[in-house]
Amino acid sequence: MYNFEFVKPATLDEALAALKDEDAQPLSGGQTLIPTLKQRLNQPGTLVSLLGIKDLVGVSSDGGTLTIKGATNHATVVKETASTFPGLSALVAKIGDPAVRNRGTIGGSVANNDPSACYPAAIMACQGTVMTNAREIPADDFFQGMFATALEEGEIVTGVKFPIPAASNYQKFEQPASRFPLTGVFVAKYGDRVGVGVTGASNNGVFRWKEAEEALASNFSADAIKGLSVPSDDMISDLHGSAEYRAHLVKVLTGRAVAAC
């Protein structure tokens with residue numbers, strides 16, 4: 001570690017003011033930031049904690065839309081969405097371990113946009129909206145590649161809105177050591193469309209498998225995607241699995257998610 005200033009504001013306005021300082025950085029659950037600080041891969045002069053801001057915590061449902069505020073931890077999301085959005089609750093219940101789920105937040109996960117994070121798959125499949133202190137950003141515009149988002153300097157994720165689907169399921173092929181998905185697929189079924197969000201597989205980060213969405217919209221059955229294939233050109237290839245293997249997993253997990261809806 002190294003010396004830095006720590007600020008814990010009570011309001012969003014106070015947090016935004018603190019973040020105007022040079023080298024200031026927001027701290028949410030810290031599940032990615034703290035390890036990088038320990039390794040000195042990241043060295044902000046000031047950490048601005050968002051965890052003391054009551055207005056950034058909470059889960060609510062209104063008119064078919066679920067809203068999760070940015071500093072809400074994973075464990076709370078699991079509990080509060082169990083009846084309103086069970087598919088999302090099950091996804092979040094598979095994130096990390098109890099210690100991670102009691103500390104990590106949806107806002108931190110979304111802002112970091114790890115290529116193997118679970119939340120982005122659901123946000124993409126549901127065509128959700130990421131809310132910030134300045135604007136609302138559709139999922140397709142927010143996620144812009146590996147660890148890349150539409151967030152601008154000083155912009156904070158204040159929440160995420162999900163249109164609640166009629167049925168949904170998340171299938172995660174887990175890397176045993178990290179518990180991140182080697183590949184993960186979230187399927188969301190609505191009255192007039194189907195969303196398929198894929199995480200952990202692509203060098204470009206989370207993406208929608210649009211060919212499967214079109215096929216499933218007219219025939220919501222695992223049989224609908226039997227004739228489809230996922231190109232392996234942009235898939236991650238590493239010691240855990242080849243690009244071709246991950247492409248195969250996308251199709252297999254999509255079929256399982258559809259069958260489980």
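**Notebook: segments, cores and salt bridges**

I began with Asn3, which is placed in the segment before strand S1 (5–7); helices (H or I, at least four residues) and strands (E, at least two) are DSSP runs, numbered from the N terminus. I note that the model is predicted, so that local features need pLDDT of at least 70 and side-chain atom pairs count only at pLDDT 80 or more, while totals for chains, interfaces and linings use all residues. Residues are numbered from 1 along each chain as its sequence is written, and side-chain values use heavy atoms, with hydrogens and water left out.

Asn3 counts as exposed at 76% relative accessibility; here buried means under 20% relative accessible area, exposed over 50%, and partly exposed in between (1.4 Å probe, protein chains only). I then looked up its separation from Thr46: 43 residues in sequence and 9.2 Å in space, C-alpha to C-alpha.

**Entry: nonpolar cores**

I took a nonpolar core as a set of buried Ala, Val, Leu, Ile, Met, Phe, Trp, Tyr and Cys residues joined through side-chain atoms within 4.5 Å. The largest such core has 32 residues, and those with the most contacts inside it are Leu88, Leu91, Phe162 and Phe186. Elements that give two or more residues to this core include strand S5 (65–69), helix H4 (86–93), strand S10 (157–163) and strand S12 (181–189). Helix H7 gives the most, with 7 residues.

I listed the contacts (heavy atoms within 4.5 Å) of Leu88, leaving aside its neighbours within four places in sequence. Among them are Leu66, Ile68, Tyr119, Ala122, Phe162 and Phe186. Another core, of 21 residues, lies apart from the largest one, and Val185, Val196, Ala212 and Leu253 are among its residues. As general background, nonpolar side chains tend to be buried together in soluble globular proteins.

**Entry: helix H9**

I looked up the buried residues of helix H9 (residues 210–218) and found Ala212, Glu213, Ala215 and Leu216. These residues pack against strand S13 (194–199), strand S14 (207–208) and helix H10 (243–260).

**Entry: salt bridges**

I counted a salt bridge where a side-chain nitrogen of Lys or Arg is within 4 Å of a carboxyl oxygen of Asp or Glu. By this rule the count is 7.

Arg135 pairs with Glu155, the closest N and O atoms being 2.7 Å apart. Arg135 lies in the loop between S6 and strand S7 (136–138) and Glu155 in the loop between S9 and S10, so the pair ties together parts 20 residues apart in sequence. Arg135 is partly exposed at 31%, whereas Glu155 is buried at 10%.

Lys161 and Glu136 meet in a salt bridge at 3.1 Å, N to O. Lys161 is in strand S10 and Glu136 in strand S7, 25 residues apart, and the pair links distant parts of the chain. Lys161 is partly exposed at 23%, as is Glu136 at 48%.

Asp223 and Lys226 also form a salt bridge, at 3.2 Å, N to O. Asp223 is partly exposed at 48% and Lys226 is exposed at 60%.

**Entry: positive phi**

Most residues other than glycine have a negative phi. I found a positive phi near 50° at Gln127, in the loop between helix H7 (119–126) and strand S6 (129–132). Gln127 is partly exposed, with a relative accessible area of 34%. Phe147 has a positive phi near 60° and lies in the loop between strand S8 (143–145) and strand S9 (148–149). Phe147 is partly exposed at 44% relative accessible area.
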